[in-house]
Amino acid sequence: MKKFTRRAAVLGSGAVVGGLLTNAMSSSNPTLAGTRSIKPAGLGNTLNDASGLSETPLFRHVIIQDDRGEQMLAAIRTELAEARSNGRCVNVGAARHSMGGQAIPRDGHAISFDNGLVEPDTANQRMRVHTGARWRDVIARTDPLGFGPKVMQSNNDFGVAATFCVNAHGWPVRQGPMGSTVRSFDMVLPGGELVTCSRSQNAELFGMTMGGYGLTGVITRMDVDLAPNQRLEPTFEEMPAESFGTRFIKALSDTDVTMAYGRLNVDRAQFMTDALLVTYRPSTDQTDLPAASGSGIMANLASRVYRGQLGNERMKRLRWWLETDAATTLSSGAVTRNSLINEPVVTLDDRNPDRTDILHEYFVSPDRFADFVGLCRTVIPGSYQEFLNVTLRFIDTDPDSWLSYAPIPRIAAVMSFSQEMTARAESDMRRMTQELIEGVIALGGTYYLVYF
Ligand SMILES: Cc1cc2nc3c(=O)[nH]c(=O)nc-3n(C[C@H](O)[C@H](O)[C@H](O)COP(=O)(O)OP(=O)(O)OC[C@H]3O[C@@H](n4cnc5c(N)ncnc54)[C@H](O)[C@@H]3O)c2cc1C
């Protein structure tokens, strides 16, 4: 019989209670009457990103699904040469989830990779991947071998090279960003030359490409570290938000902790007063690890509670109670490392054509975390964006990337807003974002270019 875990119970109880209470706790969003829509027109030969707010005309979009060695290199070189001789831009992408439109070449050549080629080398805890491989391909190939990605984002739909080019981070702890797990890569330069880059070969190009948003060339293959898969047990701890920075660092001094994240409450009346810290340690039983699953139906059900928060303060408080009080009183639930990170983005999809999810992310040093909370309390409630979630992660020093957002250890605050697709919401978002960015810079922090 399938074990009823705390994780499942939290997600499941959230779903049931959420379903029952949705009607009683109905939302109140501002009316759209008389507003100016900024929804995409859905025109042909355009490209958009995950925000839906970046519809941009292209000259051509080429999708490369097969890695046929020289044939693929020739196709890339042809595209680069044609664009250069006509003065057009070229951009390479994978899942095209990065927001802000900066990865879309206006009237230029877009090349998208979608190729699941993953060659594990378990003896050296490495893999060679075609750069269009998605993390779900990596997990599908390595999980049966007892391995998985060492560092990746919270969702599995993204491309491996794309992850390196934005230098994404995850929540395995005492780890730097994903770039810290990349050993080397092959790249076609704008002039067509194929080069290999590592920390010892073309090292400068390696550092410029890590977090370089595809500006240096087209990555075709990469050698990336793997980590052993493990069964993990969670521990939950609630605390005042101001204490989180200190407490997080203390928790990480326990070398048994291998994955960790935090949350802050988001209801407007008590905004960001409480924090939750969730740490994962290896279970004593590491036998018969189940295949990587993701949280499947439970995550889908829990997303109803998540979405029920829109314009509904009581639902925000209910979700917080489910994640903290309910979670800490239910029995513990072990889960494998690979299952924790094998979550598709679609789980979060709001399916509301009038709104879009906008992510923000700020990085502050742990000793400025309380000041960061103060900044958010001052700025965010003054906007009418619907703030649905903030997740907190640890990122260790990144000494490699030229555009490093973690020159010293940082706490990352990943924020999710639901925004109306209207001109008024866009200007409200612009004002709030500007205030947050300026405030974070004044705290010695940084912000994540992927979302702006
Ligand atoms: C729901 C959601 C959750 C997220 N969670 C996290 C998270 O937990 N942690 C985190 O750090 N980030 C997170 N992100 C951000 C995410 O990591 C980035 O948006 C990532 O780039 C998405 O991958 P992609 O395949 O969509 O990239 P794309 O948008 O397709 O590309 C990203 C960049 O990489 C470049 N690029 C792509 N492939 C190549 C190539 N072969 N050669 C050269 N350049 C290339 C592109 O030009 C572009 O600049 C999240 C985003 C979303 C929407």
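This is a predicted model: local features need pLDDT of at least 70, side-chain atom pairs count only at pLDDT 80 or more; totals for chains, interfaces and linings use all residues.
The ligand lies between domain 1 (46-228) and domain 2 (230-451), because both domains give residues to the shell around it.

The shell around the ligand holds 32 residues, and the closest of them are Gly 93, His 97, Ala 162, Ala 168 and Gly 214. Several elements contribute to this shell: strand S4 (90-93), helix H4 (160-166) and strand S11 (218-228) each supply at least two residues. The largest share is that of H4, with 5 residues. Sorted by class, the shell has 19 nonpolar residues, 12 polar residues and 1 charged residue.

The next topic is the relation between the two domains. The protein is divided into domain 1 (46-228) and domain 2 (230-451), and their centres, taken over C-alpha atoms, are separated by 25 Å. In the contact between them, domain 1 takes part with 37 residues and domain 2 with 36. On the side of domain 1 that touches domain 2, the elements giving two or more residues are helix H3 (135-142), strand S8 (147-149) and helix H5 (203-209). The residues of that side comprise 14 nonpolar, 19 polar and 4 charged.

In soluble globular proteins, nonpolar side chains tend to be buried together. Here the largest nonpolar core has 95 residues, of which Val 160, Met 222 and Ala 413 touch the most other members. Domain 1 (46-228) and domain 2 (230-451) each give this core at least three residues. Leaving aside residues up to four places away in sequence, Val 160 touches Val 129, Thr 131, Ala 133, Trp 135, Val 138, Met 222 and Val 224. Another core, of 6 residues, lies apart from the largest one; among its members are Val 305, Met 315, Leu 318 and Leu 322.

The last feature is a sheet. Strands of a sheet pair through backbone hydrogen bonds, either parallel or antiparallel. In this open sheet of 8 strands the pairing is antiparallel, and the order is S15-S12-S14-S13-S17-S18-S16-S19. At its edges are strand S15 (335-336) and strand S19 (446-447), each of which pairs on one side only. Within the sheet, strand S12 (residues 231-240) and strand S14 (residues 274-282) run antiparallel and are joined by 9 bridges. Glu 237, for example, has Leu 277 in S14 as its bridge partner.

Methods
Residues are numbered from 1 along each chain as its sequence is written. Domain bounds come from an automatic or database domain assignment. Two residues are in contact if their C-beta atoms, placed from the backbone, lie within 7 Å. Helices (H or I, at least four residues) and strands (E, at least two) are DSSP runs, numbered from the N terminus. Ala, Val, Leu, Ile, Met, Phe, Trp, Tyr, Cys and Pro count as nonpolar, Asp, Glu, Lys and Arg as charged, and the others, Gly among them, as polar. A residue is near a molecule or strand if its C-beta atom, placed from the backbone, lies within 6 Å of it. A nonpolar core is a set of buried Ala, Val, Leu, Ile, Met, Phe, Trp, Tyr and Cys residues joined through C-beta atoms within 7 Å. A residue is buried if 20 or more other C-beta atoms lie within 10 Å of its own, exposed if 12 or fewer, and partly exposed in between; C-beta atoms are placed from the backbone. Two strands pair if DSSP finds at least two bridges between them.
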